[in-house]
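Okay everyone, thanks for coming.

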Amino acid sequence: MTGKNAQNCNENYLKYVKQLDPPTKHFKNCLSAFGVGGLICTIGQFFRFMLEYAGLSGDELAGAVSVILIFLGCLLTGLGVYDRIGRHAGAGSIVPITGFANSVTSPALEFKTEGYIYGTAAKMFTIAGAIIVYGVFSGVLVGIIYYFL
Amino acid sequence: MKKGNTLFFETQPKIRSYAAICGSKEKEGVIGSYADITLSDDMYGESTYEKAECKMLSNAVRLAVEKAALTDADIDVLLSGDLLNQIISASFAARDFQFPFLGLYSACSTMSEGMLLAAALIDGGFAENCVAATGSHFASAERQYRYPLELGCTRPPQSQWTVTGAGGCVISADKGDIRIVNATLGRVRDWGVTDVNNMGAAMAPAAADTLMRHFKDTDTLPEDYDMIITGDLGALGSRILKDLMWEKGYSISENHVDCGEIIYKVIEDEFQGGSGAGCSAVVMNSYVFTKMSAGLYKRVLFAATGALLSTVSSGQGESIPCISHAVQLEADL
Amino acid sequence: MMAEEILNIFLMYIKAFAVGGAICTIAQIVINITSLTSGKILVFTMLAGVILTALGLYQPLVEFAGAGATVPISGFGYLLANGAIKGAEKGFFYAVTGSLTAASAGVTAAVVFSFIMSLIFRSRTKRN
């Protein structure tokens with residue numbers, strides 16, 4: 001018997017619980033997301049200028065910038081700093097590519113105790129796997145559509 | 001004797017000794033000065049958090065047995081459980097002892113389930129001395145129920161913080177200041193809450209159900225108790241419990257205390273307070289029992305609450321079934 | 001001439017900050033309303049990037065804001081979709097493989113660096 005059936009599910013109670021929910025601080029959350037997200041992008045722009053100056057361009061440039069930011073994301077995760085940023089910044093630290101790096105590194109560290117093969121390696125994509133799967137799938141879809149257009 | 005779902009213990013088994021170990025964060029709260037061992041390092045000198053949890057539980061049991069001036073041979077059974085899959089901490093801790101072990105799983109209400117089963121075994125004449133113990137660890141619970149520790153995600157304001165700690169008590173037929181008078185068995189209640197971050201709201205109906213049945217079966221009122229202590233409802237859950245009880249004509253706001261609500265000093269990033277099996281185990285086996293032995297509280301009703309969910313069930317969108325077992329304790333003085 | 005260049009660079013930083021911040025703010029608003037978890041928000045933002053690129057709307061944004069549009073995970077979606085679109089010009093085989101080829105740098109970096117980090121560090125408990 002699950003709580004989802006009508007007999008068990010007490011709608012009044014759920015309504016009452018919802019009304020007791022502590023209020024989300026919309027403005028504060030958005031402001032910190034804007035600030036941190038913007039800052040990470042500005043750092044990305046800095047590397048973009050530097051590498052452009054070094055002679056990179058096009059896809060190579062974009063790739064190199066994301067590699068550097070991914071490295072920084074992984075490093076800060078390893079040092080135990082990224083989760084502290086993430087606690088306050090919300091989407092500001094999740095959405096940039098560093099957040100993707102964080103979602104790959106954090107399970108890799110966490111499951112290290114279960115061994116390097118079934119722990120670190122196999123669990124590495126527990127969160128980020130979804131991004132790869134949907135990214136590749138939608139990318140292939142776009143490619144096929146463009147091919148037949 | 002039994003009335004409704006409440007067991008009345010004729011011999012009134014006694015709590016002979018108790019011991020609690022808590023982590024560094026818990027040390028700063030109200031229980032810090034009452035716990036027997038406080039850890040400065042959450043690893044407890046082990047290589048994994050699961051091992052640390054197991055060691056805490058094992059040491060809590062060992063300490064309780066020593067404080068009772070008993071040896072392994074005197075203990076008839078260890079009743080223990082924890083939050084991890086296949087209750088590994090409890091079973092692995094039981095390796096260290098020469099007495100039999102009964103594994104329990106009742107999530108965060110394992111402490112009161114262990115106490116009531118121990119009392120029933122002793123009252124029935126099947127055992128002389130039993131140990132009831134449980135514990136939890138923030139890092140191991142976080143990995144099992146939520147996300148990797150280093151993942152940068154925000155905690156919703158309804159969430160609670162799993163307590164790092166373990167507590168155990170020796171319940172015995174002859175000696176002890178605190179008596180277990182009766183116990184009300186819990187029923188699994190599910191009012192359809194699906195939000196895994198809002199355990200307080202999920203568990204409050206179970207606690208209210210058990211408390212009301214207890215008052216009815218024992219012909220008592222909330223005023224008859226010095227303290228009604230619930231497990232880990234947190235600040236939000238406690239408020240819901242008071243409302244639910246008030247609706248049915250019981251006013252518990254005077255003497256209700258929640259272990260989760262009091263365990264941490266500053267409720268800021270823990271939001272609603274502590275949770276986990278270790279929460280009620282540590283608070284009961286340090287603060288509450290010490291105060292009861294000292295005569296500050298004479299009659300206490302302890303109702304630990306547990307949310308019986310798993311990551312699989314919540315992933316499949318199931319709501320959270322919850323349970324609460326109540327134990328009535330009285331101090332001789 | 002010199003002053004204009006510096007101004008341009010400064011303006012580019014402002015644009016990157018504003019556009020990157022705005023993408024994160026939109027994601028934060030979605031989180032506030034729906035309380036999605038971090039994994040889901042990453043997937044949805046990335047898919048938004050793929051769709052916008054396929055519709056031809058993301059490319060102008062990248063040209064306008066530079067890293068402000070490529071650094072958020074929607075930029076990863078842009079990379080995937082852009083690779084597929086470019087591949088589609090070369091032939092069916094490249095239309096299918098183009099997206100992952102374009103994103104290979106990011107994925108490789110994430111795998112390699114994460115593995116190295118897991119050799120060096122371990123996850124530690126939090127106190128607040």
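How many residues does the contact take from chain B and from chain C? Chain B puts in 13 residues and chain C puts in nine. Keep in mind that what you're looking at is a predicted model. On the chain B side of that contact, the elements giving two or more residues are helix 1, at 24–27, and helix 5, at 138–145. Sort the chain B residues there by class and you get eight nonpolar, one polar and four charged.

Now over to chain A and chain C. Here 67 residues of chain A are in contact with 67 residues of chain C. On the chain A side, several helices give two or more residues, among them helix 3 (58–78), helix 5 (91–94) and helix 8 (129–148). The largest share, though, comes from helix 2 of chain A, with 15 residues. By class, that side of chain A splits into 38 nonpolar, 25 polar and four charged residues.

Let's zoom in on one pair of helices. Helix 6 of chain A packs against helix 5 of chain C, residues 73–90, with the axes 7 Å apart and an angle of about 95°. Angles of 65 to 115 degrees count as roughly perpendicular, so that's what we call these two helices. So who's touching whom? From helix 6 of chain A we have I97(A), G99(A) and F100(A), and from helix 5 of chain C we have I73(C), G75(C) and F76(C). That contact between helix 6 of chain A and helix 5 of chain C has four nonpolar residues, two polar and no charged ones.

Key: Residues numbered from 1 in each chain as written. Chains lettered and ligands numbered in written order. Predicted model: local features only at pLDDT ≥ 70, side-chain atom pairs only at ≥ 80, totals over all residues. Contact = placed C-beta atoms within 7 Å. Helix = DSSP H or I, 4+ residues; strand = E, 2+ residues; numbered from the N terminus. Nonpolar A, V, L, I, M, F, W, Y, C, P; charged D, E, K, R; others polar. Axes fitted to C-alpha atoms, helices over the stretch in contact; angles between N-to-C directions. Parallel < 35°, antiparallel > 145°, perpendicular 65-115°, else oblique.
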